[in-house]
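Dear colleague,

I am passing on a structure that will be new to you, and below it I have set out what was found in it. Please have it open while you read.

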Amino acid sequence: RRFAPTLRQGDVEGGHGSPVEIQQAVETGGLDAAFGAFFAKVSGLRREAIVPSYLAAVYASDRREGRTAKAATTGHAGDTGSGDMPWQALNDQALICLTPESPVQSLTEEALFRHKLNIARRTTVQHLETAIAMAEKGFGIAIIPSFAQSACLRYAVHCRPLVPAVSFDFYAITRAGAVPSPTLTAFVSTFEQVVAGLPRPSAGE
């Protein structure tokens, strides 16, 4: 939204799909660039870390439900949706998960295993925005990368950093040797400014 006023019609065309599909679109020239948690180096692609990120929990707020999600209130009366959330708060809760090939979901599964958490029910979705929308409706708790927090503003949800923090980088990938366009360079700069204003966890892992 912040970037839109600087664009001319036709400057930017978005794409969507699974992480693998998006990466392949960049490789074949279908997309000039892609942004996300691209952890693996791929021949023919340039990978640049843009901003640090971490995992955060998203759950329905009392703005819509008339109460807060169970996970946030377990042992904590009067949940305000602010501050860090311990991983243990997810024990015996329903989760809204991304697909297994998602790098973010892989990090989530590793953390759930490391903290020995039991998940009551899993619902798998393709897109982050779908996960946030389902969390708003009370279907469970979504685990999202912090770089997607701005999407939560459109929904009646709380978004809280999970601690101990699971940290990783948010990347831009482009074809190796391609010269970034002025529009792409400006977009990356705007994105960095937006993410810099997001809350960060108080503890590291």
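Is Phe170 buried or exposed in this model? Phe170 has a relative accessible area of 2%, and since anything under 20% counts as buried, Phe170 is buried. Please keep in mind throughout that the model is a predicted one.

To begin with the overall picture, the protein chain contains 6 helices and 8 strands, which follow one another along the sequence in the pattern α-β-β-α-α-β-β-α-β-α-β-β-β-α. Of the 205 residues in the protein chain, 46% are buried, and the chain exposes about 11000 Å², of which carbon and sulfur atoms supply 52%. When contacts between residues at least 6 apart in sequence are considered, 78% of them join residues at least 24 apart.

Turning to the aromatic rings, a search of the whole structure gives 3 aromatic pairs. One of them is formed by Phe35 and Phe170, which are stacked, with 6.3 Å from centre to centre and 10° between the planes. Because Phe35 belongs to strand 1 (residues 33-36) and Phe170 to strand 8 (residues 167-175), this pair ties together parts that are 135 residues apart in sequence.

How values were computed. Residues are numbered from 1 along each chain as its sequence is written. This is a predicted model: local features need pLDDT of at least 70, side-chain atom pairs count only at pLDDT 80 or more; totals for chains, interfaces and linings use all residues. Side-chain values use heavy atoms; hydrogens and water are left out. Rings of Phe, Tyr and Trp (its six-membered ring) pair if their centres lie within 6.5 Å; planes under 30 degrees apart count as stacked, over 60 as edge-to-face and the rest as tilted. Helices (H or I, at least four residues) and strands (E, at least two) are DSSP runs, numbered from the N terminus. Buried means under 20% relative accessible area, exposed over 50%, partly exposed in between (1.4 Å probe, protein chains only). Contact means heavy atoms within 4.5 Å. Accessible areas come from the Shrake-Rupley method with a 1.4 Å probe; for residues, only the protein chains shown count as cover.
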